[in-house]
Amino acid sequence: MEHELARELNGALGDATPGLMLSAMGRRLYFPKGIIAQGAEAKQSSSLADGTLGIAVKHKTPLILSALGNQVPGMKAGEIVSYAPTAGIPALRETWAAEIGRKNPSLGKGGFSLPVVTTGLTGGVSALCDLFLDEGQTLMAANPSWDNYVLIAEARRNARMRLVDMFNEGGIDLAALGTALSDEAQKTGFVRIILNFPHNPTGYSPTVGEAAAICEIIRDIAEKGAKVLVICDDAYFGLRFEGNIEPQSLFAYLGNIHENVFAAKVDGATKEDFAWGMRCGFVTFAGKNLSAAHYDALIKKTMAVIRSTISCSSTVVQNLLQNMYSSEASLGKERAAYRDIIEGRYKKVRALVDAQKNHPHLQPMPFNSGYFMSFKCKNVDAESLRQTLLHRYGVGTIAIDERTLRVAFSGLDDDCIDAVYAAIYRAAEELAQ
Ligand SMILES: Cc1ncc(COP(=O)(O)O)c(C=O)c1O
């Protein structure tokens, strides 16, 4: 039986594209008017005392062990150990919304929902699959893709991944992508796809022309009647190392492209702000003609996933990040300097790989951005190559599948890049003998 609050949210979404694409779990979920909602209400109006939440206070301040509080001397106890709101600390959500708008001017003002804080981007992708992907349905993504998509979609949601060979030697194979998308649309009338740029593991981002063509393909299947959910996984946003790359997220275009297209952006501090283990990500929604009421319902559905899994994200992390965003004058400069370090590594790797263009055993997949590049292995097995590199040369890499070896050049100190790539080519040659 549908809970009354779930029915309200489902009613608010109605036959708008996200409403029609909810999973059975997505339809069931609602944000209770229980402890969290009543606690938030009390926070506004409890002038004498607040007896709502399960925390311990003295003089209205949360108790904190000094061995903990002393490690974060610039923060009050409440900023460290109190519970954060389910959807995240409002100031941080506003800051991130402003950042999304600044980086993606095509979105325009008010063209997207307020971001919801998730536990890393993983928490965001998983929440979206809980809400919009059902048993037996299909989630499309590039082949190869970040391995966690398969774990989330197939093992967790009992759905199927359809991995599309959408990279060719020169970049994006638009024909292959278009064929796969129309085929999926024709089969079921629904398309769910994750587009991740800069891409893990290839390190490729679409050029301006390719980005426009991808959007056209999606507009075309939507115009023919398919309902489309595009999850834009922007984990590595901003790390563009060639001049012709599309500067905005595809979310900026897909969020206003057609009533049948619904876009969800997953991004966060993880890679963009070099805060990998702090576990701060965001989910943001956009769709043509979606209203404030639609966005409110989508946010409440996302809060329901969060409340029923992890309850809320870390308070101290959100406050540390919000303080960083709002007070550090040197932030932009330092971030740019770190980005330049990664770009310097990209350039070094680019030169080494270009010098081996016709290598008989290792063919680089297209790369121009992000943290990674991948080799297609010809005549050698990627796992054997990985093992040889690790045990004979002391170099760690990832075997993505039988034929794909990923190298995170972002994690290679400049002075070892030559040696790492020399080892990779030498090991491949030894194995192919
Ligand atoms: C494409 C992609 N999406 C999402 C993530 C997960 O990010 P987080 O660590 O914030 O969960 C990663 C991390 O490696 C990634 O490569």
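Salt bridges in a predicted model

The count comes to 23 salt bridges (a side-chain nitrogen of Lys or Arg within 4 Å of a carboxyl oxygen of Asp or Glu). This is a predicted model: local features need pLDDT of at least 70, side-chain atom pairs count only at pLDDT 80 or more, and totals for chains, interfaces and linings use all residues. Residues are numbered from 1 along each chain as its sequence is written, and side-chain values use heavy atoms, with hydrogens and water left out.

User: How many residues apart are R162 and D183, which form a salt bridge?
Analyst: The closest N and O atoms of R162 and D183 are 2.8 Å apart. R162 sits in strand β5 (residues 160–164) and D183 in helix α10 (residues 174–188). Helices (H or I, at least four residues) and strands (E, at least two) are DSSP runs, numbered from the N terminus. The pair links distant parts of the chain, separated by 21 residues.

User: Is E184 buried or exposed?
Analyst: E184 also forms a salt bridge with R162, at 2.9 Å between the closest N and O atoms. E184 lies in helix α10 and R162 in strand β5, so the pair ties together parts 22 residues apart in sequence. The relative accessible area of E184 is 6%, so it is buried (buried: under 20% relative accessible area; exposed: over 50%; partly exposed: in between; 1.4 Å probe, protein chains only).

User: What separates R339 and E343 in helix α16?
Analyst: Their side chains meet in a salt bridge, 2.8 Å from N to O. R339 is partly exposed at 22%, and E343 is buried at 16%. Being 4 residues apart in helix α16 (residues 331–354), R339 and E343 are separated by about one helical turn.
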